[in-house]
Amino acid sequence: MENLPETLYVDPTTGGSSSSAGVESAVVEHTRIEQCIDLLHQPSRREEALALLNKERRSKEMAVLIWNSKNVSFFLLQEFCKAYKLLSPPALGMKEATTVCNAVALLQSMASHPDTKMGIVRAKMPVFIYPFMNTTEQRLKHFDYLRLTSLGVIGALVKVEDTNSPEIIHFLLETEVIPLCLRCIEVGGELAKTVAAFVVSKILLYEEGQQYCGTFPERFYAVAQVLINVVDQFTIKPPLQLLKHVLNCFLRLSEVSRLVGACDALGKCYPAKLRDPGYLNFACEDPYVRRLADQVLHNVAGHI
C-alpha cells in the first residue's frame, strides 16, 4: 500500500543539501529535479514523477524550478481536477489519494518559498485545492491525509509574516477559506484540526480578518461555536498544539467581540473547561499556553 506523503509545513528554505555537499551535489540535485520535471510531460510516468519530486521537496530550488517550468502548473491542476469526481460520493482510493497528495505537496513547496508564493496566490492556484478541504468523509484515512496536505498549502501561505501578508490574507478571505477551515476543524483528524485552527488564528491577527468575523454576527458565532465544540470534545488531556491554536482563536475573538456587541454571548458560552483552573493545570503543560489561557479568561471574565 502506498504511503501518503507527510507534507505538513515543509519549508524549502530549510533542510536542503548540507553545506559540506558542495557545489557538485547542488548541481546533481538540480539535474535530478529537472529530470523529474521532464517526466511530468509524459502522462504515463506522471504519477512516478510526482512521487519522485515529492522526495525532493526540501530542496531550496525545487519550488522555483517547478514554477518556472513550462506547463507544470497546468499538470498539477489536471491532477486536482481528476480527483474531484472521486470526492462525492467518496470513491477516492489510496492510490489516487497518494498521487493527488504528491501534487498538492508540490503546490505547498511553492507556497512556502518566498520567490514563488505570491505567484501562485495571484494565479489563484490555491482555490483548486479548496474542494479537498470541503470533504466530509471521516471513515477513510486517506481523505484526511488529502485534507491535511491541502491545509498545509494554506498554512504555508500564512506561516511567515512579511510585506505580502495583507495581500495573502485578503485573497484567502475573498475566496472564503475560513468556512473551509471550520469544516476541517469539525470533521478532520487531530492534525487537520490543528492546522485549520492555526490558519484561522493567523487570519484573525490581521485587521481584515477581524473585520471579516466582526462585520456579521453570524460569522462571529460560526467561528466561536466550532471552537467551543472542539473544546467540548476533549475527553482527556488535549493535544497541546491544538489547544494553543484554539486559545489563540478565542483570544482574537475576545477582541473582535467588542466590535459586534457579542461580549456577553462569548462570555456565557466560553467553555467551562477553559474556566476551570484545575483543568487548565492538567491541560496546559507549556507555560506559554497556560498564560494564553489566562489571558483569554481575563478578557471574557467580566461577561461570564
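**Working chat on the model**

User: Where does Glu96 sit?
Analyst: Glu96 is in helix H5. Helices here are DSSP runs (H or I, at least four residues; strands are E, at least two), numbered from the N terminus. This is a predicted model: local features need pLDDT of at least 70, side-chain atom pairs count only at pLDDT 80 or more, and totals for chains, interfaces and linings use all residues. Residues are numbered from 1 along each chain as its sequence is written, and side-chain values use heavy atoms, with hydrogens and water left out.

User: How accessible is Glu96?
Analyst: Glu96 counts as partly exposed because its relative accessibility is 38%. Buried means under 20% relative accessible area, exposed over 50%, and partly exposed lies in between (1.4 Å probe, protein chains only).

User: Back up a bit. How many helices and strands does the chain have?
Analyst: It has 17 helices and 0 strands. The chain runs to 304 residues, and 52% of them count as buried.

User: What share of the contacts joins residues at least 24 apart?
Analyst: 76%, taken among contacts between residues at least 6 apart in sequence. Contact means heavy atoms within 4.5 Å.

User: What's the mean pLDDT?
Analyst: The chain averages 88, and 89% of its residues reach 70 or more. pLDDT is the predictor's confidence in each residue, from 0 to 100.

User: On to H9, then. Which of its residues are buried?
Analyst: Ser165, Ile168, Ile169, Phe171, Leu172 and Leu173. The buried residues of H9 pack against H6, H7, H8, H10, H11 and H12. Just after H9, Glu176 has a positive phi of about 60°.

User: How many residues of H10 are buried?
Analyst: 8 of 11, so helix H10 (residues 177–187) is mostly covered. They are Val177, Ile178, Leu180, Cys181, Leu182, Cys184, Ile185 and Val187. The helices they pack against include H7 (130–133), H8 (141–159) and H13 (217–232).

User: At what angle do H8 and H10 cross?
Analyst: Roughly 140°, and their axes come within 12 Å. Axes are lines fitted to C-alpha atoms, for helices over the stretch in contact, with angles from 0 to 180 degrees between N-to-C directions. The crossing of H8 and H10 is left-handed; that term applies if the near helix is turned anticlockwise from the far one by less than a right angle, and right-handed if clockwise.

User: Which residues make that contact?
Analyst: Arg147, Leu151 and Ile154 from H8, with Val177, Cys181, Cys184 and Val187 from H10. By class, 6 are nonpolar, none polar and 1 charged. Ala, Val, Leu, Ile, Met, Phe, Trp, Tyr, Cys and Pro count as nonpolar, Asp, Glu, Lys and Arg as charged, and the others, Gly among them, as polar.

User: Now H2 and H5. What's the angle there?
Analyst: About 50° between H2 (residues 46–55) and H5 (residues 94–112), with the axes 9 Å apart. That makes H2 oblique to H5. Under 35 degrees is roughly parallel, over 145 roughly antiparallel, 65 to 115 roughly perpendicular, and the rest oblique. The H2 and H5 crossing is left-handed.

User: Which residues touch?
Analyst: H2 brings Glu47, Leu50, Ala51, Leu53 and Asn54. H5 brings Lys95, Thr99, Asn102, Ala103, Ala105 and Leu106. The classes are 6 nonpolar, 3 polar and 2 charged.

User: Switching to backbone. Which peptide bond is cis?
Analyst: Ser88 to Pro89, with omega near -5°. Pro89 lies in the loop between helix H4 (72–84) and H5.

User: What's phi at Asn71 and Lys124?
Analyst: Asn71 has phi near 75°, positive in a residue other than glycine. Lys124 is also a non-glycine residue with positive phi, near 60°. Asn71 is in the loop between H3 (62–68) and H4. Lys124 is in the loop between H6 (117–122) and H7.

User: Last one. Is Val195 buried or exposed?
Analyst: Buried, because its relative accessible area is 2%. Val195 lies in H11.
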